[in-house]
Amino acid sequence: YTLDNDLLTTQQRQFYEDNGYLLIKKLVSDEDIERFRREFMRICKREVNPPGAMIMKDESLKSQFGQSEKVVNKVQDFQEDEELFRYCTLPEILKYVECFTGPNIMAMHTMLINKLPDSDKQTFLHPMHQDLHYFPFRPASRIVCAWTAMERADQDNGCLVVQPGTHKTTLKPHGYPKWEGKTNKLFHGLLDEDEKTPKVHLVMEKGDTVFFHPLLIHGSGINRTSGFRKSISCHFASSECYYIDVKNTTQEHLEKELEEMVRKKYNATSVELKDIWNFRARLVQGERINL
């Protein structure tokens, strides 16, 4: 799951091989994080409107607040926002990414997550899932997520929860969980979760960054505080990865949902999953080969 490199210690490599994730303390500077925070607030206030970005809002709060920090739970696909996309090009991030992907690195999928305080109407948590469910490219072991806490994340405000070692399993069927109330769009979860698998809560300080494998089963809990828990992340892949056809696989229904959303948003007549990913993908290091 890791490549030979001069950066990770033997213990760090072994930890990732065994567990599917690796936490690096204080990797991103406070200054950078404050810049990302300011840009997020500008997007909330509609001072900037990055092309192609999906500004996701909590379905149950939309009517109350319009567009503000109180409603926007995610800015997805910020590859056209120069300020936020800096995250994907930070040398301190890329030197770790290279240990998993090799030297030719594509930024494939970007998100700034603003976990809202939980409301009575809706428990805003992300069900346990595997990120590979969303990705029509392989091999899985040349894909890695970098996820940076923009403030302290703990069990009170809904930190990441991982199931160590589950990166060694296969991609499992996902869908919308049968929860009461509303589920946010595209928040798919495992349809059959094994409750007995041990979970680890990743308590992280501002600037701490976790790198994890796309098959690692993970999610996040409820934000029980009155504050907003922000994080910024990017999925990176080796540009030598290749697209696969998801027809007749567990990913097929996701493809339909995503294509439908994009068609509506851009009034496009025909959209293919590969087109959507080509639009998101950006080379950040080395040369572009397949993706």
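Where does asparagine 248 lie? In this predicted model, asparagine 248 sits in the loop between strand E15, residues 242–243, and helix H6, residues 252–266. Its phi is positive, near 60°, and the residue is not a glycine. As background, most residues other than glycine have a negative phi, and most peptide bonds are trans. Asparagine 248 is also exposed, because its relative accessible area is 73%.

Lysine 26 is another residue to look at here. Lysine 26 has a positive phi of about 45° and is not a glycine. Its place is the loop between strand E1, residues 21–24, and helix H2, residues 30–44. With a relative accessible area of 52%, lysine 26 counts as exposed.

Back to helix H6. This helix has 15 residues, and from its first C-alpha to its last it reaches 21 Å, close to the 21 Å expected at 1.5 Å a residue. Which residues of H6 are buried? They are Leu254, Glu255, Glu257, Leu258, Glu259 and Val262. In an α-helix there are 3.6 residues a turn, so residues three or four places apart point the same way. The buried residues of H6 pack against helix H7, residues 273–280. Just after H6, asparagine 267 takes a positive phi of about 50°.

Now the peptide bonds. Arginine 138 and proline 139 are joined by a cis peptide bond, with omega about 0°. Proline 139 is in the loop between strand E6, residues 137–138, and strand E7, residues 143–149. Alanine 140 lies in that loop between E6 and E7 too. Is alanine 140 buried or exposed? It is buried, since its relative accessible area is 12%. Leaving aside neighbours within four places in sequence, alanine 140 contacts Leu132, His213, Pro214 and Leu215. Its C-alpha atom is separated by 8.7 Å from that of alanine 237, which is 97 residues apart from it along the chain.

Next, a sheet. Four strands form an open sheet in the order E5-E13-E8-E11, with antiparallel pairing. At the edges are strand E5, residues 126–129, and strand E11, residues 200–201, each pairing on one side only. E5 pairs with strand E13, residues 218–220, in the antiparallel sense over two bridges. Histidine 129 stands opposite histidine 218 in E13.

What about the cysteines? How many disulfides does a search of the whole structure find? It finds zero. Cysteine 88 is in no disulfide, and the nearest cysteine sulfur, that of cysteine 234, is 3.6 Å away. Cysteine 88 is buried, at 0% relative accessibility. Cysteine 99 is in no disulfide either, and its nearest cysteine sulfur, that of cysteine 145, is 16 Å away. Cysteine 99 counts as buried, at 2% relative accessibility.

Last, the aromatic rings. The structure holds nine aromatic pairs. In one of them, phenylalanine 15 and tyrosine 21 have ring centres 5.2 Å apart and planes at 90°, so this pair is edge-to-face. Phenylalanine 15 is partly exposed, with a relative accessible area of 33%, whereas tyrosine 21 is buried, at 7% relative accessibility. A stacked pair is formed by phenylalanine 100 and phenylalanine 211, 6.1 Å centre to centre with 25° between the planes. This pair links distant parts of the chain: phenylalanine 100 is in helix H5 and phenylalanine 211 in strand E12, residues 209–212, 111 residues apart. Phenylalanine 100 and phenylalanine 211 are both buried. Ring pairs also link these two with Tyr16 and Tyr96 into a cluster.

Note on methods:
Residues numbered from 1 in each chain as written. Predicted model: local features only at pLDDT ≥ 70, side-chain atom pairs only at ≥ 80, totals over all residues. Heavy atoms only, no water. Pairing = 2+ DSSP bridges. Buried < 20%, exposed > 50% of the residue type's maximum accessible area, 1.4 Å probe, protein only. Contact = heavy atoms within 4.5 Å. Disulfide = S-S within 2.5 Å. Expected span 1.5 Å × (residues − 1). Phe/Tyr/Trp six-rings, centres within 6.5 Å; stacked < 30°, edge-to-face > 60°.
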